[in-house]
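Have the model open as you go through the points.

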Amino acid sequence: MQSLVSAQLGVVGRWPWPLQLVLVPAAGVLLWLVAHGPLVWLGLMASRPGEAAVWQQGLALSLAVCLSGKYPVVIALGAHFLNSYLYVGEVTWWNYAALSGRNLLRPLRWLPLAIGRLDLRPILGIVLVLVGAHYAGRGLTWLFAHALF
């Protein structure tokens with residue numbers, strides 16, 4: 001499954017992860033900038049409120065889409081944690097989730113969070129994702145409250 005995902009990403013899949021992380025919301029904003037004009041022309045949206053508001057709408061939309069990805073990340077980290085201690089057989093989904101969890105935890109691998117065979121990095125990763133998503137959601141709420149649209 002990992003090779004299938006890598007094949008879909010192509011060259012972008014080989015870029016450094018911080019660049020990939022910034023690329024997702026940037027692509028969302030650009031996609032919104034392209035789609036906004038035709039949506040207004042079709043009458044599906046109100047008339048153009050101004051360039052700054054369209055950029056803010058694109059940013060809010062792309063951040064909301066990124067925040068919706070917290071659940072698959074938490075599932076992958078939880079499956080990685082379980083797969084480390086339970087043998088579930090050669091199930092493709094479990095292997096992919098374990099590999100994804102291991103890849104997601106790469107920035108935390110320098111932390112000495114292993115107690116014997118118990119590795120607490122997946123638990124820390126889950127906590128960081130949930131806390132980060134909570135505060136990012138609050139920031140998104142603030143953006144909606146103070147935006148030009």
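**Around Val-91 and helix H4**

Val-91 sits in the loop that links H4 and H5. Keep in mind that this is a predicted model.

- Val-91 has a relative accessible area of 35%, so it counts as partly exposed.
- Val-65 belongs to helix H3, which covers residues 51-67.
- With a relative accessible area of 52%, Val-65 is exposed, since the cut-off for that label is over 50%.
- Val-65 and Trp-93 are 28 residues apart along the chain, and their C-alpha atoms are separated by 23 Å.

**H4 against H5**

- The axes of H4 and helix H5 (residues 92-104) come within 7 Å and cross at roughly 105 degrees.
- That angle falls in the 65 to 115 range, so H4 and H5 are roughly perpendicular to each other.
- On the H4 side, the contact uses Val-73, Ile-75, Ala-76, Leu-77, Ala-79, His-80, Leu-82 and Asn-83.
- H5 brings Trp-93, Trp-94, Asn-95, Ala-97, Ala-98, Ser-100, Gly-101, Arg-102 and Leu-104 to the contact with H4.
- Sorted by type, the residues of the H4 contact with H5 are 11 nonpolar, 5 polar and 1 charged.

**H4 against H6**

- Helix H4 (residues 70-85) and helix H6 (residues 121-146) have axes that come within 9 Å and cross at roughly 170 degrees.
- This makes H4 roughly antiparallel to H6, because the angle is over 145 degrees.
- The H4 and H6 crossing is left-handed.
- From H4, the residues involved are Lys-70, Val-73, Val-74, Leu-77, Gly-78, His-80 and Phe-81.
- They meet Pro-122, Ile-123, Gly-125, Ile-126, Val-129, Leu-130 and Ala-133 of H6.
- The residues of this H4 contact with H6 split into 10 nonpolar, 3 polar and 1 charged.

**Leu-77 and the core**

- Leaving aside residues up to four places away in sequence, Leu-77 touches Gly-101, Leu-104, Leu-105, Pro-122, Gly-125, Ile-126 and Val-129.
- Leu-77 is also one of the 6 residues of the largest nonpolar core, along with Val-74, Leu-105, Leu-108, Leu-111 and Ile-126.
- As background, nonpolar side chains tend to be buried together in soluble globular proteins.

Definitions and conventions. Residues numbered from 1 in each chain as written. Predicted model: local features only at pLDDT ≥ 70, side-chain atom pairs only at ≥ 80, totals over all residues. Heavy atoms only, no water. Core = buried A, V, L, I, M, F, W, Y, C linked by side-chain atoms within 4.5 Å. Buried < 20%, exposed > 50% of the residue type's maximum accessible area, 1.4 Å probe, protein only. Contact = heavy atoms within 4.5 Å. Helix = DSSP H or I, 4+ residues; strand = E, 2+ residues; numbered from the N terminus. Axes fitted to C-alpha atoms, helices over the stretch in contact; angles between N-to-C directions. Parallel < 35°, antiparallel > 145°, perpendicular 65-115°, else oblique. Left-handed = near helix turned anticlockwise from the far one by under 90°. Nonpolar A, V, L, I, M, F, W, Y, C, P; charged D, E, K, R; others polar.
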